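Please have the viewer open as you go through the points.

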Amino acid sequence: MTVPALLTAPSPLTAAYARLAEVFPGLRAEVLDDDVAAPTGSGWVGAAELAAGGGALDGFLAWDEEQVLRDYGTRARPDVVASFGLHRYAWPACLLVTLPWFTHRRVPRIPVEDVAFHRGLGRLTLRVSEFACLPDDPAAGLPGARTVPDEAALRAEVLDAVAQHIGPVLDGFRPRMRRGKRALWGMATDEIVEGLWYIAHLLGEEGRAMRELELLLPGTTKPYVGTAGFRELTGPDGESLPTRDRASCCLFYTLRPEDTCVTCPRTCDADRVRKLTPAH
């Protein structure tokens with residue numbers, strides 16, 4: 001008699017991460033089954049290793065240092081290298097929480113011990129034992145589901161889940177950066193906003209994402225710093241140009257003072273309009 005193979009049910013987060021891969025193929029997230037070991041070696045680094053701030057973090061930042069030297073022909077200050085490295089981890093890591101919330105109203109808990117990252121491949125793996133959702137979610141009866149009463153409570157889950165993951169990572173990076181705790185949490189605030197804003201634009205839902213993020217970050221939720229910071233500028237033909245003011249600076253100006261980011265506090269509105277218009 002042939003015994004049929006047992007099929008593992010897909011994670012309630014799989015659909016959200018599949019949409020990410022569809023619109024942004026450079027980044028893929030995979031939920032691991034309980035019996036599958038997280039990848040190690042050959043470019044993989046665990047989030048817990050980054051949080052520990054030791055040799056694994058040294059190796060991670062060596063990539064940024066080499067990239068700056070190769071692309072700009074100069075060496076960046078150590079704190080600038082650390083800022084670049086933190087951004088390149090935190091931007092995708094925050095999406096592990098914010099994207100399933102945005103697309104399916106599911107908020108996973110992802111301690112640093114449960115996430116691994118391969119920057120060269122643009123891949124993240126995670127293990128999820130718990131997620132929050134609304135009572136009417138079809139996934140509410142699944143193992144690990146924890147229901148919360150309403151949208152406001154679910155937003156609180158998003159902020160708490162991101163803080164649980166990114167807080168230890170900030171602690172690991174902090175000794176290498178010339179920034180205090182408030183400035184680091186300003187960076188975390190920016191990663192939450194700009195990551196989801198960008199992916200939502202690719203999904204054709206930029207406007208909804210801006211409204212959701214304004215509710216998520218009203219400016220009064222510690223340890224986060226500032227609001228979502230969105231505002232609108234007017235283009236040369238009267239068109240609306242959405243922008244935002246970052247709570248932190250990525251320090252790219254230390255390499256190219258004349259080429260600041262479009263959401264940088266150092267970028268004036270006239271330069272923003274020029275950079276945001278289709279001709280540019």
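Leaving aside its neighbours within four places in sequence, which residues is H118 in contact with? They are S42, G43, W44 and R123, where contact means heavy atoms within 4.5 Å. The model is a predicted one, in which local features need pLDDT of at least 70 and side-chain atom pairs count only at pLDDT 80 or more, while totals for chains, interfaces and linings use all residues. Residues are numbered from 1 along each chain as its sequence is written, and side-chain values use heavy atoms, with hydrogens and water left out.

**Around H118**
- H118 is found in strand β4, residues 115-118; helices (H or I, at least four residues) and strands (E, at least two) are DSSP runs, numbered from the N terminus.
- H118 has a relative accessible area of 11%, so it is buried (under 20% relative accessible area, with a 1.4 Å probe and protein chains only).

**Helix α1**
- In α1 (residues 14-23), the buried residues are A16, Y17, L20 and A21.
- They sit on the same side of α1 because their arc around the axis is only 140 degrees, taken from the directions from the helix axis to the C-beta atoms.
- These buried residues of α1 pack against β1 (28-31), α4, β3 (106-108), β5 (123-126) and α6.

**Aromatic pairs**
- The structure holds eight aromatic pairs, meaning rings of Phe, Tyr and Trp (its six-membered ring) with centres within 6.5 Å; planes over 60 degrees apart count as edge-to-face.
- Y89 and F117 are edge-to-face, because their ring centres are 5.6 Å apart and their planes stand at 70 degrees.
- Y89 is in helix α4 and F117 in strand β4, so this pair ties together parts 28 residues apart in sequence.
- Y89 is buried at a relative accessible area of 1%, and F117 is buried at 4%.
- W197 and F230 also pair edge-to-face, at 5.0 Å centre to centre and 75 degrees between the planes.
- W197 belongs to helix α6 and F230 to strand β8 (residues 230-234), so the pair links parts 33 residues apart in sequence.
- Both W197 and F230 are buried.
- One aromatic cluster is formed by F24, W91 and Y198.

**The largest pocket**
- Its volume is about 760 Å³, the space filled by probe spheres set on grid points joined across faces, edges and corners.
- A pocket is an open set of points on a 1 Å grid over the protein atoms alone, where a 1.4 Å probe fits, with protein on both sides within 12 Å along at least five of seven lines; lining residues have an atom within 4 Å of a point.
- The largest share of the lining, six residues, comes from α6.

Terms used
Buried < 20%, exposed > 50% of the residue type's maximum accessible area, 1.4 Å probe, protein only. Phe/Tyr/Trp six-rings, centres within 6.5 Å; stacked < 30°, edge-to-face > 60°.
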